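Hello,

Here is the structure I promised to pass on. Please have a look at it first, and then read on for my notes.

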Amino acid sequence: MAHNILAESEIIQSENAFEGEGHTVHVSNEIKPPLGKISIMSGVRSQFSLLNQAKKYVYLDSASTALKPKLVLDAIAEYDTTIAANVHRGLYAKAAQATHLYENARRIVADFIGAKKTTEIIFTRGTTESINIIARSLGTVLSEGMSILTSELEHHSNLIPWQMIAHEKKCRLVKFPLYSDGSLDLDTLEKTWDDSIEIVAVTQMSNVTGHIVDIAQLAALAHKHKAMIVVDAAQSIAHLSINVAQLDCDFLAFSAHKIYGPTGCGVLYGKEALLKELPPVLGGGNMISSVWFEYATYAELPHKFEAGTPPIAGAIGLAAALTFFKSIDFRLLQNHEQSLVDYAFDSLQLVPGIKIFGSHRNTGPLISFSLDGVHPHDCAQFLDSRNIAIRAGHHCAQPLMRFFGVEALSRMSFGMYTTKDDIDCVVSGLHDVRRFFL
């Protein structure tokens, strides 16, 4: 079994600043990370109140939504209770304070993903809205005969919007070749590239198998053929070191709640030169420069794409989540998560009738599986009776379910607070599931 490094390591870094493009952005005093150095076991778990109840709660659905640390909850509560003003509108002090916090959150996000400018960061309501916005906007440059490349690996959020645009513009959806384990076959793609492809839309990490896609390699291939690439980073944002400049992706989307932040807030990154040329798809307040009855002119980036009141509390909460996340030694966190995957993979092999989908190599911290003779829904409900939370269903990835020849799967997914004891509880529970149903 892999050694659990984080169980014995101090992982909180003392420096609370982010290095950007030739400058350093210091987190304002409104958001304070946990003081001192704490370990993953005694310290990090203590920041998540849901895990500190009298009755043990095993949470293994972080791929769906990660738990929120106290720092995030406090930041949102402080905004709602002491500021509660809108942004970019009022001239009074609290409105200015809200705008400062909101735009400071944009700077923190830009530095976190390596964006060159804050104008490349657009706040949305989540990954789904981010992808819909960019699909709609890019749809204006598509025409009949063009193609969109995507895959059966995608979450519905990165498939349905492209289906809709392809139908409207009479374009074609091109299927990414897959290996038998559900991973993307980049070598075959390169040999069989279709020059009608204008857009590549792909996940960086599968929410079913955890498969990690080499985005830099794929972006280079796409750009070689004059295509743009849109990356769904909902699953990868909390587990991989993402630098959009190094990846050279054209657009990237993620949700705050996947990286220990609040629900209802997301990010759309886009290269500034492309965003400047693309039209907005949502109209309303804040995204305009001047309005006449018959027509309007639009605001500069990023506000052109942020119609209406944005997710202010969500952005502030996301800034707090990234502040918390950046206080963790990322190398040790990745080692911890990989040790959990290795341990879970080995432990699940001891359960008769288990089948694991995908590989546990080059994957994120999640494992999907089936149990012979037991429906995934029954498995999840039985474990829930033991206060163990896993996911069961098609995981918003029905094409991949069909590729594997199943209707649904069970999934356990891990966060920084997950322990090997949590995995032991699931494995023990699965033995009991077999005894109960078979």
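Please keep in mind that this is a predicted model. I would begin with Ser196. Apart from neighbours within four places in sequence, Ser196 is in contact with Gly145, Met146, Ser147 and Arg172. With one of these residues, Ser147, there is also a polar contact: the two side chains are joined at 2.6 Å.

Where does Ser196 lie? You will find Ser196 in the loop that runs between helix H6 (186-191) and strand E7 (197-203). Is Ser196 buried or exposed? Its relative accessibility is 18%, so Ser196 counts as buried, the cut-off being under 20%.

Now to the sheet. Seven strands make up an open sheet with mixed pairing, and their order is E4-E10-E9-E8-E7-E5-E6. The edges are taken by strand E4 (121-124) and strand E6 (172-175); each has a single partner strand, which means that one side of each has no neighbour in the sheet. From one strand to the next, the twist averages 20°.

Definitions and conventions:
Residues numbered from 1 in each chain as written. Predicted model: local features only at pLDDT ≥ 70, side-chain atom pairs only at ≥ 80, totals over all residues. Heavy atoms only, no water. Pairing = 2+ DSSP bridges. Helix = DSSP H or I, 4+ residues; strand = E, 2+ residues; numbered from the N terminus. Axes fitted to C-alpha atoms, helices over the stretch in contact; angles between N-to-C directions. Buried < 20%, exposed > 50% of the residue type's maximum accessible area, 1.4 Å probe, protein only. Polar contact = N/O pair within 3.5 Å; in protein donor to acceptor, adjacent residues only side chain to side chain. Contact = heavy atoms within 4.5 Å.
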